[in-house]
Amino acid sequence: MPTPTLSNRIQLVQGDITKQAVSAIVNAANSSLLGGGGVDGAIHRAGGPAILEECKFLRARKYPAGLPPGQAVATTGGNLPARYVIHTAGPVWHGGSQHEAEELAACYQSCLKIATARIFESVAFPSISTGIYGYPKQEAAAIAVREVRQWLAAHEWPQRVVFVVFDEENRRLYEEALAEQ
């Protein structure tokens, strides 16, 4: 079997991340890990109570103050097609002067580190921090693409990364970021 090239290890899909048949989907979680709006709420609703139960356990045992921005943790995928959910707390945008870019890059690195350690074949990412957290979408797409490309160039796992965007604007921004880098 030929070794996959970097270009065919990255895909872009416009759709619902909760419907992706991958090893793990990434949840753009809030630090509480207890669900919320946007992607976080959709994942918790679609995945069912097993995800929340694991998140409550993690809060009680490992993250009593909440998951710090840039870090990630994995739970079951519950009722999702993905077997696992990797939760990461993205940064809130404060104008770019409070290390938001570094924290956003760390989100992707932390998720990919988990995927590599657990030998996940495939991982699907949403656009982290671009919803209620207000991160500029074009900058976020560029950081996401850069971090994933750098990781895949240096690691065998995951074999495939899927950027899952919900709308046409984000699809266009990711297409541009993928074409530029």
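This passage looks at the cysteines of the structure and then at three residues, V164, H44 and A29.

The model is a predicted one, so local features need pLDDT of at least 70 and side-chain atom pairs count only at pLDDT 80 or more, while totals for chains, interfaces and linings use all residues. Residues are numbered from 1 along each chain as its sequence is written, and side-chain values use heavy atoms, with hydrogens and water left out.

Cysteines come first. A disulfide is a covalent bond between the sulfur atoms of two cysteines. Here the term is used for a pair of cysteine sulfur atoms within 2.5 Å. A search of the whole structure turned up zero of them. Take C55: the closest cysteine sulfur belongs to C111 and sits 13 Å from the sulfur of C55, which is too far for a bond. For C107, the closest cysteine sulfur is again in C111. That distance is 6.6 Å, also too far for a bond. Burial was checked too, where buried means under 20% relative accessible area, exposed means over 50%, and partly exposed lies in between (1.4 Å probe, protein chains only). C55 is buried at 0% relative accessibility, and C107 is buried with a relative accessible area of 0%.

C55 turns up again among the contacts of H44 (contact means heavy atoms within 4.5 Å). Setting aside neighbours within four places in sequence, H44 also meets N27, L33, L34, G35, I51, L52 and H87. H44 itself lies in helix α1, residues 38–47. Helices (H or I, at least four residues) and strands (E, at least two) are DSSP runs, numbered from the N terminus. With a relative accessible area of 11%, H44 counts as buried.

H87 is one of the contacts of A29 as well. A29 belongs to strand β2, which covers residues 24–29, and is buried at 2% relative accessible area. Between A29 and H94 there are 65 residues in sequence and 18 Å in space, going from C-alpha to C-alpha.

That leaves V164, part of strand β6 (residues 160–165). V164 is buried, at 5% relative accessibility. Not counting residues up to four places away in sequence, V164 touches V13, G15, D16, I17 and Q20, along with A124, F125, P126 and S127. As for S122, this residue is 42 residues from V164 in sequence and 13 Å away in space, C-alpha to C-alpha.
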